[in-house]
Amino acid sequence: MHTWMDFAFSVLTFSLRSALFTHGAIHGSGEVFLAAANRKTTAEFIARERLSAIIRTNDAEVARKAMRAAVDGGFRIVEFTLTTPGALTLVGEFVNNKNLVVGAGTVMTVDQVREAKAAGAHFVVSPICDPEVVAEAAACGLISTIFRATLRQTLATWRSTFRTPASRV
């Protein structure tokens with residue numbers, strides 16, 4: 001049986017990014033995030049921490065340094081957009097820090113979902129609502145979120161999430 005949490009896997013960023021500006025403090029739980037975490041554990045971690053650092057730049061070294069500064073400042077959820085050169089390499093580097101949940105942003109294709117998973121990402125963020133991307137993320141054990149969501153896109157994501165077999169959630 002699907003629950004609200006199942007739906008949240010697909011639209012979590014939509015609501016969390018809105019909350020970023022209304023809840024300015026880092027929760028600071030200090031809990032270690034396990035690399036073998038599943039989607040539910042990842043979603044719970046994101047919901048608890050409520051604040052993420054997102055890097056979009058045209059320079060991989062600037063991205064690396066900026067994200068290190070963000071992590072040193074207390075961020076525990078980090079995202080590198082695929083528009084950043086070497087973004088997947090950076091995902092792979094930062095995922096080695098077991099205190100972080102690391103994601104890939106601007107994911108627009110099924111192949112990019114697979115590449116993000118291979119790099120070690122825990123979640124993917126997309127500016128579009130593509131049911132194939134959502135389904136592939138679920139198949140890979142990743143949370144798939146959309147950012148620029150209209151009500152129609154949110155409904156389409158919800159519908160595609162609930163069409164995903166329970167064994168893949």
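1. Strand β3 (residues 101–105) and strand β4 run parallel and are joined by two bridges. Two strands count as paired if DSSP finds at least two bridges between them. Strands (E, at least two residues) and helices (H or I, at least four) are DSSP runs, numbered from the N terminus. Ala 104 has Val 124 as its bridge partner in β4. From β3 the chain crosses through α5 to β4, and this β-α-β crossover is right-handed. Right-handed here means that, with the strands pointing away from the viewer, the path from the first strand over the helix to the second runs clockwise.

2. This is a predicted model, in which local features need pLDDT of at least 70 and side-chain atom pairs count only at pLDDT 80 or more, while totals for chains, interfaces and linings use all residues. Residues are numbered from 1 along each chain as its sequence is written, and side-chain values use heavy atoms, with hydrogens and water left out.

3. The average pLDDT (the predictor's confidence in each residue, from 0 to 100) is 75 for the protein, and 66% of the residues score at least 70. Residues 1–36 have a pLDDT below 50, and this stretch has 80 contacts in the model beyond near neighbours in sequence. Contact means heavy atoms within 4.5 Å. Residues 164–169 also have a pLDDT below 50, with 13 contacts in the model beyond near neighbours in sequence.

4. In β4, Phe 123 and Val 125 point one way and Val 124 and Ser 126 the other way; all are buried. Buried means under 20% relative accessible area, exposed over 50%, and partly exposed in between (1.4 Å probe, protein chains only).

5. Four bridges join β4 (residues 123–126) to β5, and these strands run parallel. Phe 123 has Ile 143 as its bridge partner in β5, and Val 124 stands opposite Ser 144.

6. Strand β5 covers residues 143–146. Ile 143 and Thr 145 point one way from β5, Ser 144 and Ile 146 the other way, and all are buried.

7. Helix α4 (residues 87–94) and helix α5 (residues 110–119) have axes that come within 8 Å and cross at roughly 35 degrees. Axes are lines fitted to C-alpha atoms, for helices over the stretch in contact, and angles run from 0 to 180 degrees between N-to-C directions. Leu 88, Val 91 and Gly 92 of α4 make the contact with Glu 115, Ala 116 and Ala 119 of α5.
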